[in-house]
Every structure is written in structure tokens, then in C-alpha cells.
Amino acid sequence: MSFTLVQQATPRLHRSELAVPGSNPTFMEKSAKSSADVIFLDLEDAVAPDDKEQARKNIVQALNEIDWGSKTMMIRINGLDTHYMYRDVVDIVESCPRLDMILIPKVGVPQDVYAIDVLVTQIEQAKRREKKLGFEVLIETALGMANVEAIAQSSKRLEAMSFGVADYAASLRARSTVIGGVNPDYSVLTDKDEAGARQTHWQDPWLFAQNRMLVACRAYGLRPIDGPFGDFSDPDGYTSAARRCAALGFEGKWAIHPSQIDLANEVFTPSEAEVTKARRILSAMEEAAKAGRGAVSLDGRLIDIASIRMAEALIGKADAMARA
């Protein structure tokens, strides 16, 4: 291990992250009864300019009056390039002790996070706010991806990063079809076989970006979260996208429709077999320590320190889900 030790972000259950427009109080009431781990009440893309002020008032009322249970509650503020942002932060942070986190959109440079940190810190001090707010940032532009490692180190409040595929595709001028989906033109042809036939293999156009953000998150102790899948009438497509990210090491995925919540929770919940194996790994390590053995093996395979850390992380997640 490196001598440099990175502090891990505040642990939270983050399998599913539900987007709810702040302009629709009915949706907010319904979302409180959902099985989403994290809910963000949106002031940005889902709210028309003429509705922004009323959406703030709706969110303040909802955070103060609705029983959200143990869910992590977050707001997505408007971008730093708009005149809406500062009132989003001031009006809601000053009035809502139930708020847990702020989602900052279109972060391009570390200074974007620093600016919100300064504002939030002053409000917390002025209002003697007991609960310190966490941040999640959206990496959804070429500039943000180019600076993702620096952004990951920008604030001690930072807990998570989300990959915003729609705006990212627009920033790259990529030819995207479905938000978060693939494109048949992004494919490779095999060589011709003996009969002259060739096969087409579709590729994942978002893999590089997701991997780069994932590495930045894991290097600096943050939770990597995948963003939206636009076609909520396609559960198989959503599940496939979620499984790819789970295999890479992501902790969760956005849900832009209630039907996607349970899909995300299922994909990002460790299986019973995985949890059982993790417990066996830790048990084998304990037995070896008691016997004074340095080397540990299980099922014919050597267990190293990395295996133990992965097992501990998986069991920690499973225990958190059991408490949810």
C-alpha cells in the first residue's frame, strides 16, 4: 500500500438515486414511499425557468413536512453559470435541517465545488447547522472529465460522483440515440469467415468515461454512481446498463422513473452467495491468525489483503442494506 492514505467518504447506501422534479409536489410525496436509497429533488433540468422560484418553495415545504424515513435527501441546484444557483443554496440550506446532500451539476473545474463549499460553510456557521452537508458532483462535460481527478480532491464535503451521460454526449457532439444507451454505429466487424460472412459486435461508447470517473472516485474515497437511462419503457436495457457498471465497480445508478428503482436495487445488492463467500474469507483469516499462520487459503485459492478488504466492503454494504 502507498504511504498516502485517503479518507473514505461518509458511507451511505446508494444503490438507487431517484430524480424528482421540484415543480411537482405530488411526485415528491409519492417518492417518499418508494424504495429508493437516495432521492434528489431537482431544481435544474426538470424545472422550467418560470417555475424555478416556486420549485424552491415546494422543496422547502417537502423537506420539512414529508416523512422521508432513512433516505438520503439531496437537492440538485442550478448551474454556477445561472443566476438561480445562489438562491437555491441559500433558501433551502437555511430552512431545511433534513437535507443531507447537494448535487452540483456540470462541474468543470475544482473551483466550481469550492464556490459552493464556501457558500454552504457560511450558511452552516450562521445558522449553527448541526449536520454538515455532503456533496455529489455531476461529471457531464468534456471539461469536467478532463479535470475529474482534480475535482475528486476539491472538497472534504465531496462524497460521490455521477456520470451524466446525456449532457456528456452533447458536450462531445457524440451521435447518441437513447440516453445512456448504445449506438449500432459504434461497433466493429469481425474478419470474414470461410464462407465470407462477418459478424458485427456492438461496443459501449461510454466505457472510457465511466472507467475514468470510477478510477478517480476509488482513488479519492468517493462513491461512483452511474447516471440516467432514458428509455424507462425498456427495463432490459436499463438492467443491462446497470450490470455493466456494477461489474466495473460502481455503487449505484440513477432512476428517472419509479419503475427503475427496484431494478437498480436488485443489480447493486450483493447476492447471498457473494455475502456468504465474503464471510467465509473473513472467517478463514481469523482462524489463520489464531493459528499463527501468515498464508491463508480458501477453496484452493490464496487469500490476500485485497481479498480481505473487498470482503469487508461487501459485508459492510450488505449490513447497511439489512438496516435500511
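Which residues touch the most other members of the largest nonpolar core? In this predicted model, Leu41, Leu63, Ile102 and Met161 do, out of 65 residues in that core. A nonpolar core here is a set of buried Ala, Val, Leu, Ile, Met, Phe, Trp, Tyr and Cys residues joined through side-chain atoms within 4.5 Å; buried means under 20% relative accessible area, exposed over 50%, and partly exposed in between, with a 1.4 Å probe and protein chains only. A second, separate core has ten residues, among them Ile281, Ala284, Leu298 and Ile308. In soluble globular proteins, nonpolar side chains tend to be buried together.

A word on ground rules. Residues are numbered from 1 along each chain as its sequence is written, and side-chain values use heavy atoms, with hydrogens and water left out. Because the model is predicted, local features need pLDDT of at least 70 and side-chain atom pairs count only at pLDDT 80 or more, while totals for chains, interfaces and linings use all residues.

Next comes strand β6 (residues 158-163), where six of the six residues are buried, so the rest of the structure largely encloses this strand. Helices (H or I, at least four residues) and strands (E, at least two) are DSSP runs, numbered from the N terminus. β6 pairs with β5 in the parallel sense over five bridges, and pairing takes at least two DSSP bridges between two strands. Phenylalanine 135 stands opposite leucine 158 in β6. β6 also runs parallel to strand β9 (residues 223-226), joined by four bridges, with serine 162 opposite isoleucine 225 in β9.

Then there is the annotated spot: UniProt, in an unreviewed entry, puts a "binding site" at Glu140 and Asp167. Such positions follow the numbering used here, feature names are shortened, and annotations may be inferred rather than shown by experiment. The two are spread over 28 residues of sequence, yet they cluster in space, with a largest C-alpha distance of 5.4 Å.

Glutamate 140 sits in the loop between β5 (134-139) and α5 (142-146) and is buried, at 3% relative accessible area. Leaving aside neighbours within four places in sequence, its contacts (heavy atoms within 4.5 Å) include Pro105, Lys106, Asp167 and Tyr168. A polar atom of the glutamate 140 side chain lies 2.7 Å from the backbone nitrogen of lysine 106. Aspartate 167, by contrast, belongs to helix α7 (residues 165-172) and counts as partly exposed at 25% relative accessibility. With the sequence neighbours within four places again set aside, aspartate 167 is in contact with Asp45, Lys106 and Glu140.

Notes
A polar contact is a pair of N or O atoms within 3.5 Å; within protein, one must be able to donate a hydrogen and the other to accept it, and residues adjacent in sequence count only if both atoms are side-chain atoms.
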